[in-house]
Amino acid sequence: MRQSNGYVIFFTAILTVVVGGAMALTSVALRPAQQKSIELDTKSQILGAVTDVSAMKNKEVLSFYDEHISSLVVNIKGDEVEGEVAEKVNVNKQFRNLFKAQKKRREAGKLTQLADRTGDEEAKAEAAKLIEEAEAIEADALFPVFKYSAESGDAIDAYIFPVYGNGLWNNIFGYVALENNLNEIKGVSFGHVGETPGLGARITTEEVKARFAGKTIFDESGDLVSVTMVKGEGNPESALGPHKVDGMSGATLTANGLNEMLDAYLHYYLNYIGKNKSGEVQAAL
């Protein structure tokens, strides 16, 4: 029997409500498990910058994290932000805002060059406005800091900083652990959304990550120079020095994104580093 249009519409509406409600209930039911999975993955990445957790079971990872990691949130000035929890800071969201600030600074740089060449006062004023806007964005940003203690107690063995950027196809991200002198890299942990397998995706491999260990982010004058992945692979260590690592064949654009990410975020944390480091580099600062 042919049904009326009203019946069909009514049946479709009821079916839509039932299916939508079922999906919503399923989403709510799965949310705790999803959040637990995200927590485990994040804490594994943080720990991965300082130690190997691959053989640990899930509960062991979480327990080890609680025993060996303390955390805080700082602002661009390096001061602690009270009331914020490092593990709950959305680094992806922070990056999207900071990327806007980066674009404003780049545009300001072009306008400043134009003003210097031509004496264009409007370009100079617009550059100053863009810098002011970038500084406002950076002032509102939150920067998590994770402190690793190998043994129980107050002694800090490494400082771990999140980093976030753009690779060839999508976002790349990770954590950089500095020794307690806040100059030498203890280890790194990198991830990506969609880099090319066998090429840019190699940033997650132990082979590539190991290249960063022992490198330093400050030069002899105390200036922050970061660590750069060079073009090409198979470069001798003698040609790299303390601030460069060997590259990845066929993945120059991913390497460029990695370099920009490290340089940007180490500069974001520079004030915090300056307030907490000691030794020769601190004297130079």
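A: Let's start with R202, which counts as buried at 15% relative accessibility (buried means under 20% relative accessible area, exposed over 50%, and partly exposed in between, using a 1.4 Å probe and protein chains only). Before going on, keep in mind that this is a predicted model: local features need pLDDT of at least 70 and side-chain atom pairs count only at pLDDT 80 or more, while totals for chains, interfaces and linings use all residues. Residues are numbered from 1 along each chain as its sequence is written, and side-chain values use heavy atoms, with hydrogens and water left out.

Back to R202: it forms a salt bridge with E207, and their closest N and O atoms are 3.3 Å apart. That term means a side-chain nitrogen of Lys or Arg within 4 Å of a carboxyl oxygen of Asp or Glu. The general idea is simple: side chains of opposite charge can pair when their charged atoms come close. While R202 is buried, E207 is partly exposed, at 47% relative accessible area.

Next up is K215, whose side chain meets that of E237 in a salt bridge, 2.5 Å from N to O. This pair links distant parts of the chain, 22 residues apart: K215 sits in the loop between α5 (206-209) and β6 (228-229), and E237 in the loop between β6 and β7 (244-245). Those labels come from DSSP runs numbered from the N terminus, with helices (H or I) having at least four residues and strands (E) at least two. K215 has a relative accessible area of 5%, so it counts as buried.

Now for E138 and R105, another salt-bridged pair, with the closest N and O atoms 2.9 Å apart. Here too, distant parts of the chain are linked: E138 belongs to helix α4 (residues 121-140) and R105 to helix α3 (residues 91-118), 33 residues apart. E138 is buried, because its relative accessibility is 9%. R105, at 32%, is partly exposed.

Salt bridges can also join up into a group. Here K36, E39, K43 and D66 are linked in a network of them.

How many salt bridges turn up in a search of the whole structure? The count is 12. Among them are the R202 and E207 pair, the K215 and E237 pair and the E138 and R105 pair.
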